[in-house]
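These are my notebook entries on one protein chain. I set down what I looked up, entry by entry.

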Amino acid sequence: MTLDGTTPDAALLEGLNRAQAHRGPDGSGIYRKDDVGLAHGRLAIIDLATGDQPLFGQDGLALIANGEIYNHVELRTALSDVAFSTGSDCEPPLALYQRHGLDFAATLRGMYAIALHDPVRRRLVLARDPFGIKPFYYAETAGGFVFASEPQAILATGLIERRLRLSARDELLQLQFTTGTETIFEGIHRLSPGETVAVEGGRIVERRRLAALPAGGCDHRNATDALGELDEILAESVLFHQRSDVPFGMFLSGGIDSSALLALMARLNSRPVLAFTAMFPGTGATDESRHARLLAKAVGAEHVEVPVTERDFWDLLPAIAASVDDPVADYAIVPTYKLAAAARRSVKVILSGEGGDELFGGYGRYRSAMRPWPFGRQMRRHGFLEGLGLLRGESHAWRAGFAAEADRQSGNGRTRLQSAQALDCTDWLPNDLLIKLDRCLMANGVEGRVPFLDPRVAAFAYRLPDSLKVRRGLGKWLLRSWLDGVLPAAQAFSAKRGFTVPVEEWIAGHPELGGLLAEQESIREICRPGQVESLFRAPGKKGGFAAWILLFYALWHRCHIGNLAPQGDVFATLSSRA
């Protein structure tokens, strides 16, 4: 949307589409009217024949969206007096906006980033799903208001300089992700999860927000009733998330969450489930592939094992860093990217288990938060580069954003466990786990769906009594109990194995990488002379993860701040001066 009221330049809109072509390889559309321009690239999943966007409604309304509205069938039934033009899942929001204005997203079940132009009111309306499953970024510039699914598209317009926000950089180095609504790029912001905003004259004039989690404390219910309700709610969510006109599959790690999805998908489908599992042959990483193989056999699934090798790590990492423009130094991006590349040969939709730990109480840090005073500990992220003598400055200012959010999520009748869960759902989940999943899959033209992050599932799971989440030292007690009944082969009450990627092992074999990294300007400006080389010569366990973060950051900085494309593998890219 322009500030001066002129119609946006078609070339700028086409440039936005080119910058995000990987997200929409099946078609594109451009809309220009008055002071608003919309650009859309389509990954065709539902209504392959008539679902091209923009979509149009009454009074000249125009809409583009990234995502899926899973309850579109039910919404169409409720809107029986509306004459729909397409079978697209994204058309009902037009009719809902016509009736409810800025509250139109209240009844949507899905993942979405929606942009809607209302020419009568001369406003642009933007909306993001409550968990932040789909990304949404914007910038208010001297020329007007620009938005996109990825920051790199906004940067490609030239309306925003490639300039680091240093406080976010420090968060990334210590937390492996960045918090809040301000991105690592000066001037580019995240639309908050659940937020709907109205933009007029090139500036935001109104904000509303849908909460991902219900208000209040825990419900009082017994395990027997809760188990029956859990089965019905999870089955419905998985059924909704399977709505697709193209083939779909799932990521199977062998853990509780993905095993639960496998059990339900096997129940709900007449054809074998297609399940993809990452494995790390020849390394010391925990091998979940054998357990996943047994689970797949137990339900008759077609199981695809995807080896992730050291060679993959060195070859793919520059391209992965280029894909994760909103940076996440989570080493699981490596197997996720490789799994997505394997899955795209067979499917266009993947179901994944993100959100199960956050909603059902799976993390060990939750158990610490529940302990009575003086043994309980407030949620506190440790810094991955703290105490190693690497950094030129050892400021703790990077804790501020996380600490402020922790304060906001405490109280309000919540238990300590619920406060810890809410904190993770506010920052860790959307700004680490979901960015990782979105970028790795969309870079490969695959859509990722997360059935645990559904409004009905969240409303049920979050308000469970603490004792149905954590019991006898085990998290996700209710989910484990349910899984134990429907899929005994999952061994639901065995100790959580944890998912590891042997990046430290791979990095430790290349001490020469320290010198190469130390030459990068991005590393020189944050690290003390000689310390990076020393770290790579003898990293140790904590040092190994610090080495991984520095490696990822150097590759990310080169691409997204230096605006330099990857030049082959890690060593060729870091050695290149172009």
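**Entry 1: cysteines**

I searched the whole structure for disulfides and found 0, a disulfide being a pair of cysteine sulfur atoms within 2.5 Å. Cys218 is in no disulfide, and its nearest cysteine sulfur, that of Cys425, is 14 Å away. I then looked up Cys425, which counts as buried because its relative accessibility is 8%. Here buried means under 20% relative accessible area, exposed over 50%, and partly exposed in between, with a 1.4 Å probe and protein chains only.

**Entry 2: basis of the values**

I note that the model is predicted, so that local features need pLDDT of at least 70 and side-chain atom pairs count only at pLDDT 80 or more, while totals for chains, interfaces and linings use all residues. Residues are numbered from 1 along each chain as its sequence is written, and side-chain values use heavy atoms, with hydrogens and water left out.

**Entry 3: the whole chain**

I recorded 22 helices and 16 strands in the protein chain; helices (H or I, at least four residues) and strands (E, at least two) are DSSP runs, numbered from the N terminus. The C-alpha trace spans about 65 × 60 × 50 Å along its principal axes.

Of the 578 residues, 60% count as buried. Among contacts with a separation of 6 or more, 72% are between residues 24 or more positions apart, where contact means heavy atoms within 4.5 Å. The chain exposes about 21700 Å², of which carbon and sulfur atoms supply 51%; the areas come from the Shrake-Rupley method with a 1.4 Å probe, and for residues only the protein chains shown count as cover.

**Entry 4: helix H10**

How many residues of helix H10 (residues 333–343) are buried? I found 11 of the 11 to be buried, so the helix is largely enclosed by the rest of the structure. Among them are Tyr337 and Lys338, as well as Ala340, Ala341, Ala342 and Ala343.

I looked up Ala260 in helix H7 (residues 256–268). Ala260 counts as buried because its relative accessibility is 1%. Leaving out residues up to four places away in sequence, I found that Ala260 touches Phe452, Leu479, Trp482 and Leu483.

Next I took Leu513, in helix H18 (residues 513–518). Its relative accessible area is 0%, so Leu513 is buried. With residues up to four places away not counted, Leu513 touches Trp314, Phe536, Leu551, Val570, Phe571 and Leu574. Leu513 and Glu533 are 20 residues apart in sequence, and their C-alpha atoms are 7.9 Å apart in space.

**Entry 5: backbone in the loops**

Which peptide bond is cis, with omega near 10°? I recorded the bond from Gln53 to Pro54. Pro54 is placed in the loop between strand E2 (36–41) and strand E3 (55–56).

Lys476 has phi near 55° and is placed in the loop between helix H15 (455–462) and helix H16 (477–486). Lys476 is buried, with a relative accessible area of 1%. Asn563 has a positive phi of about 60°, and Asn563 lies in the loop between helix H21 (540–560) and helix H22 (570–575).
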